[in-house]
Amino acid sequence: MLVDIEARVIRNTRLSADYNVIALEAPQIAEFTQPGQFVMVKSGRGGDPLLRRPFSVFEILRSEGRIEGLTLLSKRIGITTRILYDAVEGDVISCLGPLGRPFEPVDPPTEAWMVAGGVGLAPFATLAEALLARGTKTTLFYGARSGAELFYLDWFSSRGIRLVLATEDGSIGDRGRITVPLERELARAGSGSRPSTGSGRPEALEGRIPDPGSRPEVTLYACGPEAMLEAVAHVAAKFERPSQVSVERTMGCGMGGCYSCVMAVRTPDARQHYVRSCIAGPVFRGEDLVWD
Amino acid sequence: MGLGVQIGPLTLANPIIAASGCFGYGVEYAGAVDLSMLGGIAVKGLFLAEREGHPPERIVETPAGMLNAIGLQGIGVHRFIREKLPELRERHATVIVNICGSTLDEYVELARILSDAEGVAALELNISCPNIKEGGITFGCSLHGTFDVVSAVRKVTPLPVIPKLTPNVTDVASFARASEEAGADAVSLVNTFLAMAIDVETRRPHLSNIVGGLSGPAIRPIAVRMVYECRRAVKIPVIGMGGIASARDALEFIIAGATAVQVGTANFVDPFIWAKLLDGITAYMRRHGIDNIGDLVGSIDTTAREKQWISS
């Protein structure tokens with residue numbers, strides 16, 4: 001059920017000079033939010049900013065078994081994120097949701113590998129909880145500019161989620177993009193048994209692919225910069241693993257009204273076609289997307 | 001209290017219409033809004049065939065407004081009739097179909113097809129989209145073109161015909177007059193203002209189409225003035241739009257001369273705006289002792305200003 005809540009800010013935790021986690025009293029939205037869904041936030045009054053901005057729901061807040069609200073993970077880059085960064089307890093933020101097509105969590109014995117880049121960590125706390133509730137073995141591949149921009153590591157590791165980290169400055173984990181360790185581990189795990197569109201089995205790996213019977217099933221989940229999503233979709237195809245990627249496009253309404261947030265997807269007859277990422281997504285199957 | 005308004009032969013339950021291009025095909029909002037409570041729904045502009053529209057970026061926010069260059073992505077009239085119209089009918093929506101053509105024949109063909117479809121209340125002729133090269137705007141920027149397309153459609157349909165006018169002309173009232181002479185039942189205005197925004201860091205335009213149409217509260221005073229001018233120029237109803245985001249904004253258009261109003265960009269911000277608009281208008285009418293919304297249409301009082309001009 002879609003609702004628009006004038007949500008009170010419960011607290012605002014600044015994680016760094018740019019990142020914050022803002023807790024909003026919006027139980028009516030939190031109660032129905034599935035992993036990967038988003039809310040449209042209006043942080044200003046009147047015409048500045050005029051439009052809402054989309055944010056993945058980061059955490060569902062519970063207190064004594066009761067759903068209390070939700071949090072948003074935000075990085076300060078524009079006017080709305082600046083208002084969210086500066087907000088204080090008691091401020092009111094208009095919050096419309098839940099919206100969008102969620103992730104589909106996999107069940108054991110399939111493993112879940114979540115791939116986050118920067119603020120793309122946002123949908124993975126709720127997804128991790130959904131996966132853990134199913135007993136699905138879960139790994140978080142998490143990349144950022146530097147170690148100081150890797151957040152909530154304890155939150156994930158204390159829940160039994162394996163962490164694989166990468167930073168562009170090499171301060172923690174692999175130096176470079178998160179897709180470097182991702183590809184390494186995919187190579188180690190071998191190709192999947194599910195056929196994938198487009199790419200065939202890479203010739204170089206042909207000789208050392210483990211027996212299909214012993215090969216773990218893996219589903220990839222990704223959220224982050226579009227270049228990262230494209231790279232994840234590419235390696236998923238290369239190793240024949242299914243992927244679900246959450247995209248972020250410039251969005252006007254979040255409800256399918258304006259046709260601004262389109263992504264190109266492949267049609268069955270091999271053409272490409274624009275679909276609205278707010279209602280057909282924001283989660284897509286990686287193999288369906290055509291990158292710009 | 002009487003909120004009903006008359007657009008040619010068509011009676012709308014109230015004067016609030018969802019603007020074309022801002023409300024999808026209506027069905028997108030069926031989960032959030034009772035579609036039958038709207039006076040009408042102008043669905044996203046349709047060509048005969050499906051269209052992909054422009055590549056992203058398609059919108060950019062500007063002060064108190066937004067630019068868009070969607071490029072009329074759409075499913076085409078046949079899929080609309082098959083896939084969307086049945087649900088709109090079921091939900092008792094008053095459906096105004098916005099039609100776009102690359103040629104005069106395409107408008108005529110669309111009008112013919114939609115006249116035979118069950119559940120279409122009126123046709124709005126999009127002769128004013130600033131974002132596509134072919135057709136549409138070429139009719140809307142020429143008095144002859146406007147006259148020709150309206151009269152051609154008029155000949156083939158019993159449905160109310162409402163050309164949607166562009167503000168990107170010197171004298172919009174003359175286009176309202178040409179529409180009236182060609183047999184239009186009403187005119188709607190304004191479509192968006194051709195505009196542009198540039199990212200100074202990259203020196204690139206924000207939109208893939210380079211230019212786009214400006215909408216939102218930023219354009220409202222210009223739109224009010226144009227509605228006022230058209231009201232004085234024609235006898236057919238004027239449907240006003242441009243940056244309406246509250247009941248007071250809607251009343252401003254009505255008082256300027258709009259028989260009904262359309263709301264677009266504000267729906268992106270607040271999909272629940274419709275009940276608020278109707279409540280606000282009803283409260284205003286009660287406060288001012290107005291029984292019928294029609295009594296407000298064009299009720300602007302300019303006498304004091306005229307006296308000032310005379311005395312000065």
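## Strand pairing and chain contact in a predicted two-chain model

Strand S5 (residues 59–62) of chain B runs antiparallel to S6(B) and is joined to it by 4 bridges, where strands pair if DSSP finds at least two bridges between them. Helices (H or I, at least four residues) and strands (E, at least two) are DSSP runs numbered from the N terminus. The model is a predicted one, in which local features need pLDDT of at least 70 and side-chain atom pairs count only at pLDDT 80 or more, while totals for chains, interfaces and linings use all residues. Residues are numbered from 1 along each chain as its sequence is written, and chains are lettered from A and ligands numbered from 1 in the order in which they are written.

S5(B) and S6(B) form a hairpin with 2 residues between them, and Ala64(B) in the turn has a positive phi of about 55 degrees. S6(B) is also joined by 3 bridges to strand S14 (residues 211–215) of chain B, and these two strands run antiparallel. The table gives one bridge partner from each pairing.

| Residue | Bridge partner | Strand of the partner |
|---|---|---|
| Ile59(B) | Asn68(B) | S6(B) |
| Met66(B) | Ser215(B) | S14(B) |

In a regular strand the side chains alternate between the two faces of the sheet. In strand S6 (residues 65–68) of chain B, Gly65(B) and Leu67(B) point one way and Met66(B) and Asn68(B) the other way, and all are buried, a residue being buried if 20 or more other C-beta atoms, placed from the backbone, lie within 10 Å of its own, exposed if 12 or fewer, and partly exposed in between.

Chain B as a whole has 10 helices and 16 strands, and of its 312 residues 55% count as buried. Along the principal axes, the C-alpha atoms of chain B fill a box of roughly 55 × 50 × 40 Å.

The contact between the chains takes 29 residues from chain B and 23 residues from chain A, two residues being in contact if their C-beta atoms, placed from the backbone, lie within 7 Å. On the side of chain B that touches chain A, the elements that give two or more residues are S5, S6 and helix H8 (265–269) of chain B. That side has 15 nonpolar, 8 polar and 6 charged residues, where Ala, Val, Leu, Ile, Met, Phe, Trp, Tyr, Cys and Pro count as nonpolar, Asp, Glu, Lys and Arg as charged, and the others, Gly among them, as polar.

In chain A, Gly257(A) lies in the loop between strand S13 (243–246) and strand S14 (262–266), and Gly257(A) is buried because 26 other C-beta atoms lie within 10 Å. Beyond its neighbours within four places in sequence, Gly257(A) is in contact with residues of chain B, including Cys22(B), Tyr29(B) and Phe268(B).

Chain A is divided into domain 1 (3–99) and domain 2 (111–248), with bounds from an automatic or database domain assignment. Between them, 12 residues of domain 1 of chain A are in contact with 13 residues of domain 2 of chain A. Strand S5 (59–63) and strand S6 (66–75) of chain A each supply at least two residues of the side of domain 1 that touches domain 2.
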